[in-house]
Amino acid sequence: IASTQDDTIISKLKPANLECGPHVPGCMNGTRRDILAAVDNWVANIEAPNVLWIKGYPGVGKSAISTTLSEKWRSSKYITSSFFFQREQAHAMTPNALWRTVAYDLARRHPIIRKYLVTALTADDSLPSTLNVDELFRQLIHLPLMATEQASETVAIVVIDALDECGGLDGWKSDHRMGLIRTFKSWSSLPGRFKLVVTSRAEHDIEQLFAITTHQPLEMFAGQRVNSESTEDIRSFIRHELLQIVARYPSLPSGWPGEEAIDKLTKQAGGLFIWIKTLLALLKYGEPQRTLRQLLRPGTGGIASLYAWVLHAHFPNPSDEDLGDFQLVLGAIIFTKSPLAITSLTSLLAMDSSAMEFICNGLYSVLDYKDTVRFHHQSFVDFLVNPEECPKPFCITRQLANQSLAKACLRSMNKHLRFNICDLESSYIRNCDVPDLDVRIKNCIPADLSYASCYWVDHLIETGFETETYIDVEYFMNHQFLFWLEMLSLLERVNTGSSMLRSLTSWMRESGQDDSLAVDMQKFMSAFASPISQSVPHIYLSALPFAPRGFGVSRSYVTRYPRTLRIRQGGLQNWPAIQHILSGHTSFVNSVSFSPNGRRIASGSDDHTIRVWDAETGATVVGPLQGHTDSVQSISFSPDGKRIVSGSRDSSLRVWDAETGNMVMGPLNLHYSSVYFVSFSPDGTRIASGSWGDTIRLWDAGTGEAVMRQGHPTSTSSTSISPDGKRIALGSANWTIQVWDIEMQMTVTGPLRGHTGTVSSVSFSPDGRRIASGSDDMAVRLWDAETGEKLTGPLKGHTGRINSLSFSPDGMHIASGSNDNTIRVWDL
């Protein structure tokens, strides 16, 4: 019974509906012996670096090596796991999915790891859903592996294939990839018996990772640098595969096509197994002798030349319509934001099934379209989008592909969107209480409409202005806006709506079009996000009737729904400045903070709790977070928005996961009185905190260790971290300001004297060169952050203590807030 219960707990780790195993066959027997032997030697050497990086040009066979290693080790004494990234599944193949998969695999193979994870998940069942990949790695991988310390014979090996495909088309710019790279650095600190194999191309961010991470390098060469072992492996592979073709054609002579032809093919391959696999696919499905003669002609050497030959061979004299279909289909496969089944893709693009089949059948050697449409190898995508390699009629451009997808999405919405799309009978219950809503959504909303509703703006903003597209957008705004809101409500995507409409407004403005209706749609969305997210019918019953009458949404839509509420007197004449009133705390709210992306608001209260709110809908999404034993005085998001630090009157700091609400660090208890100030450094590696009558402290944001303590003769009253995260400005009750260097832990500027009262606020300018200060003496002063020289001031006008200062982003103005109940803006 206990084992069954543990199975249930451990099963929560495995991501649902995600196939992350090998997607290519392993190496043919007898090939790659040199590489496999080198890997075996590395595994056997516990003293060797515990990270092995296998790098190589696209198509040299890295994934086949990964498959072979995974299958070999699966039946060995080692505890193993593997994860094969695929670029087209970047939305699902995240670092979170990777480390959950690895933890699940290791738990099934090792009792100590299993026991540790069962305990951790029992204590916190929300752990698998955290978006904090660093904490996820620590809890699911690092700590469980370290728990096997007594079982020193335990060797764990994890294979991660195609690191360069993590993050999809965003590549090195992807937050997912950056987070994953950080965890690889953490793995390198584990004992040598815990092995990690990583395969990838040598992209610059990955090379930077391994330049500063101890690892064992293993390079697979191609082209002029291909070694004799790889050449012989390819020769053996060609012979083996050609025997299979000969067996299907009894008329072919024994030994066809002869050693000379095999030598020529081997040389043309240049160490690229993907070149040979593509060629063999062409031979298998074409007439072999004629096809081989064509492939042996001059000009088909190299992967780009072979791909060009594939295009010309299968589309020899394409008509304009054929090329249009090619561009449409291939552009969609590359640039859709999430993969679609071939039937859904055909529907989205409004193509005849036969036209889709014609394009896909012509690309059988490079394309898999049994269900979800995907390329056999990422190198073909690289070829298609490279105008220097791909023949001009076939080359895919990002802008044109996204323009076609934007039109396709708008067309799909025009075709399918309608009033009450899921045929809800009652407005008396919320979406979540409709018993068969999932079935209704599945039956009433086709996959292409769901995709179009979620991503049409993403494709639109990648395109320039085009009249036909604008006409479709204009029709959407004037006729389908409320139907689209139904979709967002049903798909639980209302919190993305405002940002989509802001992007739409920017696109229209940049295109020189009237954006007034788009602006009003965005305000409508923001004002009524809460009822829209809770109930589809109340888009029409609660939101529309109460929108200001003189603006675009009301003018376009109210007359179409005459059998609803009407405002006879009063009503809004303009959109309210207040978009949400967030209710839930039971005492004073002392601190609020927007997340860096603007989608969340964190709040701390005298009720000892922290809450996280959806900035679009006003709903509580995390919390109340409990742990502090007195009022929460200060709160701040990390620069990546994944963590929240809180300071309390109980003299402690705590760090929370912004998605799950789990406390990931703390309590940090070195202060002796109320913590009135907390803030992450701009790079997220440090946390600064200030306490009344005590000190400023600096903490390592990863470990929670105190790395700096700085005291004043009297209380520090205000602090500011410089934009580069290297210095802290400290305002004091003794009327002075000091600038501390964080690394050197010493005063580098100051004390700066000039104020005649407590320095109640300090702020660095955006370039870090100046410091503004406000005081109980009711004056604002400006200082040179390096020399301490007085630059401007005292700026006088306030009649009360100055509590807060902030520079404008361009550094040309300062806003000051005072006890005199006013805010003043100063031209510097």
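The sulfur of Cys-409 lies 9.7 Å from the closest cysteine sulfur, that of Cys-454, which is too far for a bond. A disulfide is a covalent bond between the sulfur atoms of two cysteines, and here the term is applied to a pair of cysteine sulfur atoms within 2.5 Å. The structure is a predicted model, in which local features need pLDDT of at least 70 and side-chain atom pairs count only at pLDDT 80 or more, while totals for chains, interfaces and linings use all residues. Residues are numbered from 1 along each chain as its sequence is written, and side-chain values use heavy atoms, with hydrogens and water left out.

By the sulfur rule, the count of disulfides is zero. Cys-166, for instance, takes part in no disulfide, and the nearest cysteine sulfur, in Cys-20, is 13 Å away. Cys-166 has a relative accessibility of 1% and counts as buried (under 20% relative accessible area; over 50% is exposed and anything in between partly exposed, with a 1.4 Å probe and protein chains only). Cys-409 is buried as well, at 0%.

Aromatic rings come next. A pair of aromatic rings is described by the distance of the centres and the angle of the planes. Rings of Phe, Tyr and Trp (its six-membered ring) pair if their centres lie within 6.5 Å; planes under 30 degrees apart are called stacked, those over 60 edge-to-face, and the rest tilted. This rule gives 30 aromatic pairs. One of them joins Phe-315 and Phe-394, a tilted pair with 6.3 Å from centre to centre and 45° between the planes. Phe-315 lies in the loop between α13 (303-314) and α14 (320-335), and Phe-394 in the loop between α17 (378-384) and α18 (398-416), so the pair ties together parts that are 79 residues apart in sequence. Helices here are DSSP runs (H or I, at least four residues), numbered from the N terminus. Both Phe-315 and Phe-394 are buried.

Phe-481 and Tyr-557 also form a tilted pair, because their ring centres are 6.4 Å apart and their planes stand at 55°. Since Phe-481 belongs to helix α21 (residues 467-490) and Tyr-557 to helix α26 (residues 552-557), this pair ties together parts that are 76 residues apart in sequence. Phe-481 is buried at 0% relative accessibility, and Tyr-557 is buried at 1%. Ring pairs link these two residues into a cluster whose members include Trp-456, Phe-476 and Trp-484.

Charges meet rings too. Arg-493 lies over the face of Tyr-455, 5.8 Å from the ring centre.

Technical notes:
Helix = DSSP H or I, 4+ residues; strand = E, 2+ residues; numbered from the N terminus. Lys NZ or Arg CZ within 6 Å of the ring centre and 35° of its normal.
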